[in-house]
Structures are given as C-alpha cells and as structure tokens.
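Subject: Structure handover

Hi,

Here is the structure I promised to pass on. Have a look at it first, and my notes follow below.

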Amino acid sequence: APTDVDGVMYMVQRVLSGQPWTGPLASEAAAAADGVSFPPAPPALALQKSSSLEVELPEELRITVEHPCFDKLDSINENCMVQFHKNNVLRRRPARRRVNAEEIA
C-alpha cells in the first residue's frame, strides 16, 4: 500500500519483481481519504479502472524492477520504489532507499 512521505504532497510505494508499479494499489475511496486524486488525463494516457476499483496506469507508464534506475542489488533487497504526487499520479518517478551504513556494517 502507498505510504505517505511528507504529509502533504508525496507518497511512495514499493515495486517488487512480480508486482510492477501500475498506480496506487488502493481503492479510489481509500486513496481519496489519503488525499490522492486521479486527474483527468488525455485519452492516450487515460487511467484504467479494474473491477475492484484499483487504479492502473497504461502498460507504457508502469514502472518495474527492470527500470534503468534500479540495479540487481536493489531488486534483490526489495529497494525499488516509486514516489508519486498525491494530486496527480502521472507525476511519478523511480526511487531507491538510501542504505544506512550502520545497517550493513
């Protein structure tokens, strides 16, 4: 599930090997409660709604662990994430958690 980053604008969600980021994995009602909105998009980028009301981005906008931003170690450590704007899920970018040197020492 998406996690609030700053309490205002951004959320982050983990991307797993068998689970690409296809948009916030939450119902529209839950997303609205978190302040996430799904703006009208041009027809070519229209958001698709599944029967369970989960919002999915078109295939070409999905982010997977194969994205050039992530390396093999990121994928193995489940360190692949997507940061997205609450007011416009089309404003998203791949993100990685910075490893604390104390955690791996």
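A word on terms: a residue is called buried under 20% relative accessible area, exposed over 50%, and partly exposed in between, using a 1.4 Å probe and protein chains only. Please keep in mind that this is a predicted model, where local features need pLDDT of at least 70 and side-chain atom pairs count only at pLDDT 80 or more, while totals for chains, interfaces and linings use all residues. Residues are numbered from 1 along each chain as its sequence is written, and side-chain values use heavy atoms, leaving out hydrogens and water.

Let me start with E78. With a relative accessible area of 42%, E78 is partly exposed. E78 sits in the loop between helix 2 (72–76) and strand 5; helices (H or I, at least four residues) and strands (E, at least two) are DSSP runs, numbered from the N terminus. Its phi is near 55 degrees, a positive value in a residue other than glycine. Most residues other than glycine have a negative phi.

Next comes the strand pairing, which requires at least two DSSP bridges between two strands. Strand 5 (residues 80–85) runs antiparallel to strand 6 (residues 88–96), and 6 bridges join them. The two form a hairpin with 2 residues between them. C80 has R96 as its bridge partner in strand 6.

Finally, which aromatic rings pair up, and how are they tilted? The structure holds 1 aromatic pair (ring centres of Phe, Tyr or Trp, the last by its six-membered ring, within 6.5 Å; planes under 30 degrees apart are stacked, over 60 edge-to-face, the rest tilted). The ring centres of W21 and F84 lie 5.4 Å apart with planes at 35 degrees, so this pair is tilted. W21, in the loop between strand 2 (10–14) and helix 1 (28–33), is 63 residues from F84 in strand 5, so the pair links distant parts of the chain. Both W21 and F84 are buried.

Best wishes
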